[in-house]
Amino acid sequence: MAKLKLGPIADDKPVKVTLELPARLHRDLTAYAEILSREAGQAAADPVRLIVPMLERFMATDRGFAKERKGRKLPA
């Protein structure tokens with residue numbers, strides 16, 4: 001296990017992240033937002049707003065991540 005220079009960062013403030021998406025992924029995200037809005041009977045959401053719930057869902061259902069997190073006692 002590596003000895004890191006920084007200790008745990010106890011901060012729950014939102015973090016602003018800037019990222020570039022490949023055009024294909026942005027088109028898929030836009031299509032997903034449109035389909036989701038149709039199913040929910042709501043106006044189409046900004047596709048960028050889907051990124052956080054998608055990442056949360058992905059990590060929540062990743063068995064390998066859950067196993068490592070539990071085994072290493074990583075913060076929840």
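The model is predicted, so local features need pLDDT of at least 70 and side-chain atom pairs count only at pLDDT 80 or more, while totals for chains, interfaces and linings use all residues. Residues are numbered from 1 along each chain as its sequence is written, and side-chain values use heavy atoms, leaving out hydrogens and water.

Next, colour residues 23-40, which form helix H1 and include Leu 36; helices are DSSP runs (H or I, at least four residues), strands likewise (E, at least two), numbered from the N terminus.

Now display the whole chain. Three helices and zero strands are present, in the order α-α-α along the sequence. Of the 76 residues, 7% are buried.

Finally, turn to the largest pocket, which holds about 390 Å³ of space. A pocket is an open set of points on a 1 Å grid over the protein atoms alone, with protein on both sides within 12 Å along at least five of seven lines; lining residues have an atom within 4 Å of a point. Select its lining, including Val 15, Leu 19, Arg 49, Glu 56 and Met 59. How many of the lining residues are nonpolar, polar and charged? The lining has nine nonpolar residues, no polar ones and two charged (Ala, Val, Leu, Ile, Met, Phe, Trp, Tyr, Cys and Pro are nonpolar; Asp, Glu, Lys and Arg are charged; the others, Gly among them, are polar).

Technical notes
On a 1 Å grid over the protein atoms alone, a cavity is a set of points where a 1.4 Å probe fits but cannot get out, and a pocket is an open set with protein on both sides within 12 Å along at least five of seven lines; lining residues have an atom within 4 Å of a point. Grid points are joined across faces, edges and corners, and a volume is the space filled by probe spheres set on the points. Buried means under 20% relative accessible area, exposed over 50%, partly exposed in between (1.4 Å probe, protein chains only).
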